[in-house]
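Subject: Structure handover

Hello,

I am passing on the structure we spoke about. Please open it alongside this message, as my notes refer to it throughout.

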Amino acid sequence: MELSSDRVLLWLFDVEKHQSPAEQLANELSPGEQTRARAFLQDQDRLAFLLGRGALRRLLSRCAPSVGEIGTLVTGPWGKPSLDTGAGHSPGVEFNISHSGGLVLLAATWGTPVGIDLEVPRPGVELQEILERFFSRGEVAEWHRLPPGLRSDGFYSLWTRKEAVVKALGRGLSLPLDSFQVTLDPREPCRLILAPPGTPPAEHWTVRDLTGDLPGCLGVQASPAFAALALPGSPFQYEYRPAEELLA
Ligand SMILES: CC(C)(COP(=O)(O)OP(=O)(O)OC[C@H]1O[C@@H](n2cnc3c(N)ncnc32)[C@H](O)[C@@H]1OP(=O)(O)O)[C@@H](O)C(=O)NCCC(=O)NCCS
């Protein structure tokens, strides 16, 4: 399997459908990951973790011919896992995982860090309160301009796009969410308006909304989740690969 710098490969897993392969992947995880897997209280969370990390490990092992010796996964200062070849830096394989509500998304590319986020909306979330507390003034204003029927979709579009940017940088919530700005109207193309401080200018980032792709991948009518992908680099293609490719 070839990774290239102009393309992000994506795999979408469904815990319910892929329960049996998920259990088998447990044997391929590191001892630390196996310990983490056993600590989950909810079975759905445990299976999602197994699918994400297990599929990732299979992917990395298959990339071995092109990246040389595959080392171990290391955790960045804010929790982002990356590949350590022993020399202390990544050979160029970049990846990110997101899980929510029984779905798992894995993204991989070459050379530029990638961030991905998937969110299944939960009932009882105080959208306006969260927006006003965490997001930028421009985003809050744009959200208020949306027709009321689109405000929930706008909120989750914004959330996943911002979280994808934060995850590309590996910063987690140490990066203030009001320090950069993305568009949120679900009817319009997704765009980074203001880049996070100390990163390439907004026009050099690529942020893509993946929400519209999910029904097709899952064989359902309406999207059960929102998802977005971000990369501090020039426009790139993305391609969904069959889940079985990493589970069989
Ligand atoms: C940890 C965080 C990076 C993402 O958390 P999340 O959205 O709850 O979880 P996701 O499933 O999308 O991502 C978790 C995965 O991302 C990876 N990850 C962990 N820390 C990361 C970091 N700092 N940067 C990028 N990726 C990270 C890991 O692979 C992790 O899964 P794994 O440990 O099972 O392999 C962090 O941003 C966070 O705590 N977010 C809270 C969510 C929130 O309140 N968002 C506000 C709206 S933007």
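This is a predicted model: local features need pLDDT of at least 70, side-chain atom pairs count only at pLDDT 80 or more; totals for chains, interfaces and linings use all residues.

Four strands form an open sheet in the order E4-E5-E1-E11, and the pairing is mixed. E4 and strand E11 (237-240) are at the edges; each has a single partner strand, so one side of each has no neighbour in the sheet. On average, neighbouring strands of this sheet are turned by 20 degrees against each other, direction ignored.

Taking the pairs in turn, strand E4 (residues 93-100) and E5 are antiparallel and share eight bridges. Glu94 is the residue opposite Thr109 of E5. The hairpin of E4 and E5 has two residues between the strands, and Gly101 in it has a positive phi near 50 degrees. On to the next pair: strand E1 (residues 7-14) is also joined to E5 in the antiparallel sense, over six bridges. Here Leu12 has Leu105 of E5 as its bridge partner. E1 and E11, by contrast, run parallel and are joined by four bridges, with Leu9 standing opposite Glu239 of E11.

Strand E5

How many residues of strand E5 (residues 103-110) are buried? Eight of its eight are, which leaves the strand mostly covered. The cover is on both faces: Leu103, Leu105, Ala107 and Thr109 are buried on one side, and Val104, Leu106, Ala108 and Trp110 on the other. Helix H3 (43-62) lies across E1, E4 and E5, and runs at about 25 degrees to E5.

The nonpolar core

The largest nonpolar core has 64 residues, and those touching the most other members are Leu51, Leu105, Leu106, Ala107 and Leu229. Among the elements that give two or more residues to this core are E1, E4, E5, helix H1 (19-25), strand E6 (115-119) and strand E10 (226-231). Helix H7 (151-169) is another of them, and its nine residues are the largest share of the core.

Not counting residues up to four places away in sequence, Leu51 touches Phe13, Val15, His18, Ala22, Leu25 and Val104.

The ligand

Which residues come nearest to the ligand? Of the 21 residues around it, they are Gly79, Lys80, Ser98, Lys167 and Gly172. H3, E4 and H7 are the elements that give two or more residues to this shell. H7 gives the largest share here, five residues. By type, the residues of the shell divide into eight nonpolar, seven polar and six charged.

Ser223

Is Ser223 buried or partly exposed? Ser223 has 19 other C-beta atoms within 10 Å, and a residue counts as buried at 20 or more, so Ser223 is partly exposed. Leaving aside neighbours within four places in sequence, Ser223 is in contact with Thr211, Leu214 and Pro215. Arg36 is 187 residues from Ser223 along the chain, and the C-alpha atoms of the two are separated by 30 Å.

Regards

Conventions: Residues are numbered from 1 along each chain as its sequence is written. A residue is buried if 20 or more other C-beta atoms lie within 10 Å of its own, exposed if 12 or fewer, and partly exposed in between; C-beta atoms are placed from the backbone. Two strands pair if DSSP finds at least two bridges between them. A nonpolar core is a set of buried Ala, Val, Leu, Ile, Met, Phe, Trp, Tyr and Cys residues joined through C-beta atoms within 7 Å. Two residues are in contact if their C-beta atoms, placed from the backbone, lie within 7 Å. A residue is near a molecule or strand if its C-beta atom, placed from the backbone, lies within 6 Å of it. Ala, Val, Leu, Ile, Met, Phe, Trp, Tyr, Cys and Pro count as nonpolar, Asp, Glu, Lys and Arg as charged, and the others, Gly among them, as polar. Axes are lines fitted to C-alpha atoms, for helices over the stretch in contact, and angles run from 0 to 180 degrees between N-to-C directions.
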